[in-house]
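Notebook open, model loaded. I'll jot down what I look up as I go.

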Amino acid sequence: MDNSQTDTPIEKNHDDSGKEVAIEISNLHKSFKTKRVLQGLNLVLGKGENLVVLGKSGTGKSVLIKCIVGLIEPEEGSLTVLGENVLELHDKKLNELRKKVGFLFQSAALYDSMTVRENLAFPLRTNSSIKEDEKEALVKEALENVGLLDAIDKMPSELSGGMRKRVGLARTLILKPAIMLYDEPTNGLDPITSKEISKLIVDVKEKYNTSSIIITHDIACAKIIADRIIVLKDGVCLTEGTFDELQNSENAEVRAYFE
Amino acid sequence: MNKFDVSSKKENEIEDEASGPWFPLMFTFFSEITLLTRFTVQYFRNLFIPPYEINEILKQCYLIGYKSLPLVGITGFIMGLVLTIQSRPTLSAFGAESWLPAMVAVSIIREIGPVITALICAGKVGSGIGAELASMRVTEQIDAMEVSGINPFKYIVVTRIFACTMMLPVLVVFSDVIALLGSFLAVNINGDVTSTLYFSQVIESLDFSDVFPSFIKTFFFGFAIGLIGCYKGYNTDKGTEGVGLSANSAVVLSSLLIFIMDMIAVQITDLLF
């Protein structure tokens, strides 16, 4: 897979340790009416890294990734994705950036009125340089990657929860994103399907060298996919580390997630 | 103290009065008007900017227009039949039974056909659009379009409003024709009138000022149905409860808007013709 479209901006961005950075967030604030959700969050996602975000419901995990793709506008802070300041981008440039960022929604968000084939081809429609037969090949390749080529002509209503997640993942991968954002990818799935989805996330990273932020409450999933884990509390990062480090943390609140 | 003298009242007392029971209602009303105006401006801005979603427009025309034909046809047929049967005794009492085709034709073409068809479509199409878009919002399908770099407003909203605007006049013409056929059948229940005589009387009774204004206003009715359905659905909140609320308020508001627009159209027609 060719990720050359995103290589240039990433190469311009390094953190203090010289590591290439895909996303850099500092002092991010977001409130809804009187409820303060994000309260000065700082986060760095390195290139090719799988970052798992843990935290109780309502701590701002989903808000965080929606801010990254510009679905929610934060009140304060800076948010740099692939070298572009998201908060300063106009619609056209923001849409260009969004094509480099894949987003797997909690419900997979498949378009009900379209078949699986049409769902996958939909993100390609704005790219007039891709011919119809090339689109078809890309759709088949993406479905093959998630093992669902047989479901190409099915409607979303005919798919199980796990299949919907896989199709959702295939749809985001079709644009060959440099960054993947997963919003509770194993939510509502049985342990076996959860494990399959988790392995798929690892495969995506290895095959396409994507940088990913994964929001989950599923510790088994986190163990499989995480290079690094951060724990959110009250809209800020409580702690961060590898799975083993946090599992053996001195902080009982952190350890509670792993018990 | 003079109750109209506010100078001696404390500031917070004035604020309390300003935030009386009517204040939230007025605030909601004016903020809805502002948001609806902004939504309308956004529609026209997106309508003329390429790329044009021709395939989706044609699909929506099929769903809104073709799929509504049976309902609109049956309603129109009953409308013409009932209007004729109900009008006959009154006209007979004045010895003006021969005016029946003309009276029915003018009533249907000028007023009853467009308004009843628009109300039927507000119920069928408006609620459908409201519920569909609200459901898409709740299940994050609209967000999914947005994050894949596609303008959901252009793809979902513009196509539906445009298809509604274009299809309602077609449905009204179809309904008018079926209503006249129903009327012809009703005339023949108690008499024997040939179709040639009946329809020549109908055509003779109609002139430009009957047909043209009523045809033009149907575009506005269609626009109102599409706009309100999309506005309510696209801006829904409150989760699944919001889906039902959006469908319901789309029907109520678009029906109200149809009557208001009709009233304005009648005044303008009276002034111009």
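**Confidence**

What pLDDT does chain A average? I get 88 for chain A, and 92% of the residues score at least 70; pLDDT is the predictor's confidence in each residue, from 0 to 100. Ground rules for myself: this is a predicted model, where local features need pLDDT of at least 70 and side-chain atom pairs count only at pLDDT 80 or more, while totals for chains, interfaces and linings use all residues. Residues are numbered from 1 along each chain as its sequence is written, with chains lettered from A and ligands numbered from 1 in the order in which they are written.

Where in chain A is confidence lowest, and where is it highest? I find the lowest in helix α1 (residues 4-11) of chain A, with a mean of 39, and the highest in β8(A), at 95. Helices (H or I, at least four residues) and strands (E, at least two) are DSSP runs, numbered from the N terminus. Over residues 1-12 of chain A the pLDDT is below 50, and this stretch has 23 contacts in the model beyond near neighbours in sequence. A contact needs the C-beta atoms of two residues, placed from the backbone, to lie within 7 Å.

**The six-stranded sheet**

I traced an open sheet of six strands in chain A, in the order β6-β7-β8-β3-β9-β10, with mixed pairing. Two strands pair if DSSP finds at least two bridges between them. For angles, axes are lines fitted to C-alpha atoms, for helices over the stretch in contact, and angles run from 0 to 180 degrees between N-to-C directions.

Helix α7 (residues 191-208) of chain A does, touching β3, β7 (179-183) and β8 of chain A, and its direction makes about 165 degrees with that of β8(A).

I then followed strand β3 (residues 50-55) of chain A to both of its partners. Four bridges join β3(A) to strand β8 (residues 211-215) of chain A, and the two run parallel; A:Val53 stands opposite A:Ile215. Towards strand β9 (residues 228-233) of chain A there are five bridges, again parallel, with A:Gly55 opposite A:Leu232.

β9(A) and β10(A) pair in the antiparallel sense over five bridges, and A:Lys233 faces A:Val236 across that pair. Their hairpin has two residues between the strands, and A:Asp234 takes a positive phi near 50 degrees there.

**The four-stranded sheet**

The other sheet I looked up is open and antiparallel, in the order β2-β1-β4-β5 of chain A. β2 and β5 (84-85) of chain A are at the edges with a single partner strand each, so one side of each has no neighbour in the sheet.

How many bridges join strand β1 (residues 21-32) of chain A to strand β2 (residues 35-46) of chain A? I count nine, running antiparallel, and A:Ile25 has A:Leu43 as its bridge partner. The hairpin of β1(A) and β2(A) has two residues between the strands, and A:Lys33 in the turn has a positive phi of about 55 degrees. On to strand β4 (residues 76-81) of chain A: five bridges join it to β1(A), antiparallel, including A:Glu24 opposite A:Thr80 and A:Ser26 with A:Ser78.

**A:Gly60**

Is A:Gly60 buried or exposed? It counts as buried because it has 25 C-beta neighbours inside 10 Å. My cut-offs: buried is 20 or more other C-beta atoms within 10 Å of a residue's own, exposed is 12 or fewer, partly exposed is in between, and C-beta atoms are placed from the backbone. A:Gly60 lies in the loop between β3 and α2 (61-68) of chain A. Leaving out residues up to four places away in sequence, A:Gly60 touches A:Lys30, A:Val37, A:Leu38, A:Leu232 and A:Gly235.

**Chain B and the interface**

14 residues of chain A are in contact with 10 residues of chain B. Helix α3 (residues 91-98) of chain A gives the largest share of chain A's side, three residues.

I also checked helix α2 (residues 22-47) of chain B, which is hardly covered: one of its 26 residues is buried.
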